[in-house]
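Welcome! Here is a friendly walk through a structure that may be new to you. Have the sequence and the 3D view at hand as you read.

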Amino acid sequence: MMDTLLTAEIYANSPRFRRRSSTFVDAIHDLPEKEEMAPAQLYSTESGRLFHSGRIVIATVGLPARGKTHISVAVARYLRWLGVKTHVFHLGDYRRATLGPGKDVPDDYFFLNASPTSVLLRNKILKKCREDIYHFLEHENGQVAIYDAVNAISAGRKSLAKEFAKHSIQTLFIESQCTDERIIQENVRNVKISSPDYQGWDPEDAIADYLARINARIPHFETMEEPDLHWIKMINAGERVIVNNCAFGYLSQRIVFYLLNLHIKSRQTYFARAGTTRDEDSYKADASLSAEGLDYAKKMTDALLKHRELERQAVIDNGGPDNALKPLTVWTSTRRRTLETAKYLETLGYRVRQRSQMSQMNPGVCEKMSERRIRLEYPEEVAKHEADPYHHRYPRAESYHDLAVRMEPIILELEREQNDLLIIAHESVLRVLYGYLMACNAADIPKLEFPRDEIIEIIPSSYNNVAKRIHIPDLPDRIIPGSPEGLKIPVPPSGNITPFTGLGTPRAGSGTSTPAGIPQPLQLRRTHIDPSS
C-alpha cells in the first residue's frame, strides 16, 4: 500500500504534468500542445514530426555549473520555435518531485560510492525520468527529448545510447566543458540564485553546498571521447566546439548549427518602442521623430541608464562583486524612427547597429484605412483574420508568421550577442522576439502589449527567463494612445487604430505605476493593443 501511495505521489508531482503558463511567464517547461502550430513552423505532418527526422534524445554531459541546463533550455526554445515538438526532462526536477517539498537528499546522494539506500533512490528517480521520456516520444508524438543530467561515465553513456537505439531513437550527447574559472564562478552564482534546490538558502551556504557537489564529481568524470557515439563538445561557453559524427539527418545539422551560435554567458535584453513621428499614419513615409518623440527618446535613455546603475548597486549591496556594467549594444531597424530614438545613446558612446530584418510588419493595402473601410472593402479577409490573426495576411501585407520566419537570422544573432542588448523596434517586432524568449505560443503573440511608457527587461537564468518592466516617467498620455473596443484589423503603422484584444502589462497611471528604474514583474490583464512603433 505504501508503494502505491508513493508511486501515486511521484506521478502527481511528475515534471511532465505542468499547467500552461501565461504570456508573462516563460513557458519553455510547458508540455507542447498537440494541435498547436509553433511561431516559425513552416508546415505540419500527421505524425507531428518534421524535417524527415525520427525521434532523438539529446543527453547533456558535464560537471555541475558548466551550463548544461542553460544549453538544454536554449536548444528546446529554438527547436520549439521551429515547430519541432521538444521537451526538457531535468533529472533534478524528478529528484525534487520524488523527495517532496522541503526534504533534503541523503548526504552521499551525489557521490559515486553512495550507500545502497542512496543508490536505490537514484535508480528510482532515473527510472521515472526514462519512463516519461519514452512516453513523450512514443505516445505524445514527441520528436526531441532533452535529458538534462550529468552523465559523467563513458560506460553509462554507451549503455544509454544502446537502450534508446533498441526503441529506434537516436542519441546525441552535448558536453559543456569549462576550463575558465570566471565562467564557472558566474554559473555557480546564477545557480545559487535560480535553482529550486536553493530557494530560501543563505547565499554563502548555497555556494558551499553546490561546490561540494562539484568536487564530489570531479574525480570520477570522464569527458566525451567515444568515437562511436554522436556528440558535440562545447568548450568555455562556445569558445571552441568539437563535433563527432552527428550526421543522422537534417535536424541534427540544425542543432549543430544552432550550438555554433550559442553561448552560456548571462546578459540582459531590453525591449523599447520607438518614439512617435511627425507622420504617424504612414508606413511608407518613414518619417522623423516629432518633438514628443525626441522627448520620449531622451526619457527612455535616462530611465534605462538609471535602472542599469541601480541594478549594479543592488548586486554590490547584496554582497556581490563591484564589477563594471556589461557593455550595452543597441539594435534598431533601418527605419528613421528607430534610429533617431537611439540617437541619445549613440552620442553617449554606445554602439548602435541597424538590422533590416527588424522592420515592422507591412500593412499592405490596409495602410491608412479606417476599421470601417477595411470591414466594408475586405469582409472575407476580416473574417479570416479574426479566425487566425497570427497566420493571416491582408493583400500585399505580411503576417506575424512571415515576420517570425524573416527574423530567424536575428534570433541566431541574439544568441551570439554577449553584451547586454537594447532592441528599439516596432511593437510587432517586439512581440515576435518576446514570443521567442518567453516561449509564447503563436496565438498569444499578436496579443502581447508593449506600452511606450515601459521598457521590458528579459533576465536569463539557467532554468527559465524572467520578464520585468521598467517604468519611463513623465510621458504625456497622448503618446500612449488608448485602444478602441473590438477591432480585428491588421497592425497599422500608427497608434490611431489598434487591432487586437489581448494580454499585456499594466500601464502606469492605472493603479499599478512604479518608480522610475525599479523593475516589476510583468502582470497579466485584459486590455487592448497599441500597435504604433
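Strand 5 and strand 6 run antiparallel and are joined by five bridges. In this predicted model, one of the pairs to look for is I235, whose bridge partner in strand 6 is R240. The two strands form a hairpin with four residues between them, and in that turn N236 has a positive phi of about 55°.

Now turn to the other neighbour of strand 5. Strand 4 and strand 5 run parallel, with six bridges joining them. Here I174 has I232 of strand 5 as its bridge partner.

Is strand 5 enclosed or open to the outside? Six of the six residues of strand 5 (residues 230-235) are buried, so the strand is largely enclosed by the rest of the structure. You can check this face by face: H230, I232 and M234 are buried on one side, while W231, K233 and I235 are buried on the other.

Next come the helix pairs. Two packed helices are described by the angle between their axes and the distance between the axes.

| Helix pair | Angle | Distance between axes |
|---|---|---|
| Helix 4 and helix 5 | about 35° | 12 Å |
| Helix 15 and helix 16 | about 55° | 11 Å |
| Helix 2 and helix 16 | about 125° | 9 Å |

Helix 4 passes helix 5 in a right-handed crossing. In this contact, R130, I133 and Y134 of helix 4 meet L160, E163 and F164 of helix 5. These residues divide into four nonpolar, no polar and two charged.

Helix 15 (residues 408-416) and helix 16 (residues 427-437) pack at an angle of about 55°, which makes helix 15 oblique to helix 16. Helix 15 passes helix 16 in a right-handed crossing. On the helix 15 side you will find I410, I411, L414 and E415, which meet L433, Y436 and L437 of helix 16. The contact has six nonpolar residues, no polar ones and one charged.

Helix 2 (residues 68-82) also packs with helix 16, at about 125°, and these two helices are therefore oblique to each other. R77, Y78 and W81 of helix 2 make the contact with V432, G435, Y436 and L437 of helix 16. The residues of this contact are five nonpolar, one polar and one charged.

Finally, here is the chain as a whole. The protein chain has 16 helices and 15 strands. How much of the protein chain do buried residues make up? The share is 56% of the 533 residues. Among contacts with a separation of 6 or more, 72% are accounted for by residues 24 or more positions apart.

How values were computed. Residues are numbered from 1 along each chain as its sequence is written. This is a predicted model: local features need pLDDT of at least 70, side-chain atom pairs count only at pLDDT 80 or more; totals for chains, interfaces and linings use all residues. Side-chain values use heavy atoms; hydrogens and water are left out. Axes are lines fitted to C-alpha atoms, for helices over the stretch in contact, and angles run from 0 to 180 degrees between N-to-C directions. Angles under 35 degrees count as roughly parallel, over 145 as roughly antiparallel, 65 to 115 as roughly perpendicular and the rest as oblique. A crossing is left-handed if the near helix is turned anticlockwise from the far one by less than a right angle, and right-handed if clockwise. Contact means heavy atoms within 4.5 Å. Ala, Val, Leu, Ile, Met, Phe, Trp, Tyr, Cys and Pro count as nonpolar, Asp, Glu, Lys and Arg as charged, and the others, Gly among them, as polar. Buried means under 20% relative accessible area, exposed over 50%, partly exposed in between (1.4 Å probe, protein chains only). Two strands pair if DSSP finds at least two bridges between them.
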